[in-house]
Every structure is written in C-alpha cells, then in structure tokens.
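Me: I have a structure to go through before setting up calculations. Could you walk me through it?

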Amino acid sequence: MARADLAPLPHPWARPLGLLLVVLLGAWLGLLAAGDVRTPVGPVDTTMTLRPSLTGGTKINVSPLGALELDSHTAPVRLDVDIDQLDPERSAALVNHPERISGLQEEITRDVESGTLALALRSGCAVLAGATALGLAVYRSPRRALAAGGLALALLTASGGAAYATWNPKSVLEPKFSGLLSSAPSVVGDARSIVTEFDVYQQELARLVTNVTKLYDAASTLPAYQPSPSTYRVLHVSDIHLNPASWRIIGSLVEQYDIDAIIDSGDTMDHGSSAENVFLDPIPDLGAPYIWVRGNHDSAATQAYLSRLKNVHVLDNGSAVTVAGGLRVAGTGDPQFTPDRSVAAQGDPAERLAGARLAASLRGQKAAGTPADIAVAHNPVAAAQTDGEVPLALAGHTHSRKTEILPRGTRLMVEGSTGGGGLRAVEGEGEPEKIRASLLYLDRDTRRLQAWDEITLGGLGLTTAEVSRHLPETNRPGATPAPTPSAPSR
C-alpha cells in the first residue's frame, strides 16, 4: 500500500470553516484599523464606527458623562458614535438662541444620513482590504484571498441590509443611559414630548444632541433640569430593608428629577422592632410627600411611628391620600408580619383577601366620585386583586422588577429592592443586589402613565447608574389611546 493512501483525509468542513474564520477575523481587523469616520452632527464632532455584535443596536458615548444605548436595529453589527468635541461658535449660538432648534432637526438628520453613508463605504473598503490581506497571508493565493475579501464584503452588505430592514427610529424614545447618575436627567430628558405625530427620529435626535451640547457647553457643570409642568413625577421605591444608603439615593433622585411624590411599597425595615424606628427619621427631609404601605417585615410599631412623622402618609385598609395637587393614591398594608414566628404565615390566601378588601375600597371611592389613580400593596398577589379598579397598581416584595398588563387592563408594576436587598445581602456570600427604583411620569390631566424610567445603581451607588426609558404601547406615536380599566361584571 502506498504511503499516500495512509494519509488521513481532511474533514469536509475544514476548508469552508477555515475560510469563514479568515473572513471574520480579517473583516474585524479591517474595521478596527480603518472602519470609522469623523463627521459633524449639528454642533458636535463625532466618530462613527461599526463593530461586530450579537444584538446590534447603537451606542452613543457621551464621555465623560456616560453612554446611551438604543435598540435601533437587529443585525450582527453595532453602530458606535463617540461624541468628541463641540464647535464652540455653533454650540454657543444654539444654547443662546433656542429658537434655532427647530431648524436643527433637519440638519442633524442630514448629518447622520451623510455620516452613515460615508461609514458604510469606508467600512466596506475596510472589511474587503482586511479579509483580502489576511487571506493572502494565510493561503498565499491571490484568488483565495480575493474570495475571502468578496465574502467579507457580502457579509457586511447582508448585515447592512438586516440593519436597514429592522431599523427602528423610535428607539430614541426608550434610551438606556449608563454613567454618572447626576447626568441622567439632563441627557435622557423629560417625558413631556413623547406623544407626537411628527417625525420622532428627527425630533428626539435633535433633543439628544441639544442636551449633550448644553452639558459640554457648561464645562461639566450640569444645567438645571427643567421638568415638564404637564406631568407628575412619582418615585417608586420598595424593600429598603434598613439600608441607610437608600435615603441618600432617594434624596438625590428627588432633587435631580424634581419628584412630586415618593411611593414606598413596603419592607422598609428588617425585623420591625421598635429599636429600628430611628432609621426612619430622615424621611421628612427627603423633599417630597412620602406615601407608605406596610410590608411583611414592617410591624404595627413601625407603622405607628411613621404615621407621626411629618410629610408621611401611611395607607392601610384601602385608605387614600391626594398629593401634588390632584394625584390620588390608595393602599393597604401587608396582612402578615413574618418576623413574628409565633404566628404561622398564611401565604397567598391572606394576600388575596387583603387585595380583595383594597379592591372593594377602590370601588367605594369610585362610586363616591373620588376614584384612585394608583393602588399600592406590598405583595404583588394582593396588588393584582385591584385589576380593573385602577389604571396602575404598584408592589414590591419579590426584589425583582416586573411590569405586566393584567387581564382587565390594570398595569401592575413590581419594583426591585431600593436597598439592594438590605444589610443582610452585604453580610451574605456573593455579590449584593443592585439598587433599583423607578420614576413614573403621569399626565396631570388624565393621571395616566406616560412613561417610566427604570433606575438601576451598582458599584459606587450614587456615582454610577443605568437609566432605561420605557413607554406604554398605547403611548407610542400613532398608537390608539389605552382603554379604561373595567371592573368585572357582577
């Protein structure tokens, strides 16, 4: 038998897999080396870059303030936009003459379109050159090298086609901000211009560039946040569990966002002992009305202590309060106090019964002409019983964030732990929980939810944050209004 007959045959997939690896690596190296363009967008100079990605989207780096992420498209490439510097004359003219913003919309759109076209051409050349050069180095064959370059260009073209087909200009309405918490209100902006029939992409992109321009023009001193007079701004917190850092965080958010009211859905304490009550003393100085319902870690002594504090409204058994000149909130405390081991926990049946009583109170208030806008309970099981009686129900307890539309139209929003799981999480093994809170924007006329920001803090707490803007489906441009929640027939 000849020696050649003993040589193992190559795997049938080895050659195409090798070529694909050369194509991908060469294209990536080409993008790294030359796949970016510098282009002005309005009054700012930017660098646009394409990067390989599993999820796509757009990332706008606003150094040193942080970054905005937009779910702009679904494709294996991500658009990175680095804001490098301002044109001093144009930025000063924009800040000093706000009336010029209307013309800025079309200008920015043209700049973005021109920049992306230039980026597409440059990126095509970059991946072609990168894959061809690597193919030549690996295969030592001009024909195979050109095949690698052509395949890389075809893959980039297909990725661009996928990005174009899935392009979502309204993604600028729901940005995710990561960076300095103090920068978030000014970069993300208020929710006042969400409902509009005009071109969303142009307007919101112009607003974003304008906000960033003002921040840079102020030489890193943030401008005053100007909240919309047409919205209530409600801060939802929950499950603080004796973490003293929570008061500093809440106070900071109240100041930065000019909060109208704070709603705490319970478990502010850990053991509910009277010795813990001094922990509650900072609440009157937070700067906004504090609405509270009892959690399963909050005792009757805790509730009595809070009810005596200034600017605190304790809700229980369906009682309600009107704050901020018209926003009406009703709530009930948790029926169980689990730290008391002498009483057996009754579980979900007790929660459903408490929720049913809250729902009955809501119906009575509606019949009396004083309907509630928001219902609050600690446990989501109890809060879900208010479905159909209010547009919005808030809860906590689970230490995980969730929002859903219940069968009869009520939106149930469950907040994570604003105390990061409390001091117990720090004492245990592993990483402590992230600190979570939500900012709710409600229309002052209809008192319906217009948008909400999910605020997540980790690491340095007050210093770094993620702020994600969300819109109800019925509040997106062109959508039909939300139906009024309806109670079940009887």
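Me: What kind of model is it, and how are residues numbered?

Reply: This is a predicted model, in which local features need pLDDT of at least 70, side-chain atom pairs count only at pLDDT 80 or more, and totals for chains, interfaces and linings use all residues. Residues are numbered from 1 along each chain as its sequence is written, and side-chain values use heavy atoms, with hydrogens and water left out.

Me: How many helices and strands does the protein have?

Reply: The protein has 12 helices and 19 strands. These are DSSP runs numbered from the N terminus, with helices (H or I) of at least four residues and strands (E) of at least two.

Me: What percentage of the residues is buried?

Reply: Of the 490 residues, 50% are buried. Buried means under 20% relative accessible area, exposed over 50%, and partly exposed in between, with a 1.4 Å probe and protein chains only.

Me: Which residues have the most contacts inside the largest nonpolar core?

Reply: They are Trp247, Ile250, Tyr257, Ile259, Ile262, Ile283 and Tyr290, in a core of 60 residues. Helix H8 (residues 245-257) contributes the largest share, 6 residues. A nonpolar core is a set of buried Ala, Val, Leu, Ile, Met, Phe, Trp, Tyr and Cys residues joined through side-chain atoms within 4.5 Å.

Me: What does Trp247 touch?

Reply: Not counting residues up to four places away in sequence, Trp247 touches Ile240, Thr268, Phe279, Pro282, Ile283, Leu286 and Tyr290. Contact means heavy atoms within 4.5 Å. There is also a second, separate core of 20 residues, which includes Ala261, Ile374, Leu392 and Leu440.

Me: Changing topic, how do E1 and E2 run relative to each other, parallel or antiparallel?

Reply: Strand E1 (residues 36-41) and strand E2 (residues 44-52) run antiparallel and are joined by 6 bridges. Two strands pair if DSSP finds at least two bridges between them. Arg38 has Thr47 in E2 as its bridge partner. The hairpin has 2 residues between the strands, and Gly42 takes a positive phi near 65° there.

Me: Which residues form the nonpolar patch on the surface?

Reply: Trp13, Leu17, Leu20, Leu24, Leu151 and Leu155 form it, with about 570 Å² of accessible area together. The area comes from the Shrake-Rupley method with a 1.4 Å probe, and for residues only the protein chains shown count as cover. Helix H2 (14-34) gives the most to the patch, with 3 residues. Leu24, found in H2, counts as partly exposed at 47% relative accessibility.

Me: Is Ser159 buried or exposed?

Reply: Ser159 is buried, because its relative accessible area is 10%. Ser159 lies in helix H5 (residues 142-165) and, leaving aside neighbours within four places in sequence, is in contact with Ala75, Pro76 and Val77.

Me: And where is His271 found?

Reply: His271 is found in the loop between strand E8 (261-264) and strand E9 (290-292), and counts as exposed at 52% relative accessibility. His271 and Ser299 are 28 residues apart in sequence and 7.9 Å apart in space, C-alpha to C-alpha.

Me: What is the phi of Asp267?

Reply: Asp267 has a positive phi of about 60° although it is not a glycine. Asp267 lies in the loop between E8 and E9 and is buried, with a relative accessible area of 2%.

Technical notes:
Patches are made of residues with over 30% relative accessible area and no salt bridge: like charges are joined within 9 Å, nonpolar side chains (Val, Leu, Ile, Met, Phe, Trp, Tyr) within 5 Å. A salt bridge is a side-chain nitrogen of Lys or Arg within 4 Å of a carboxyl oxygen of Asp or Glu.
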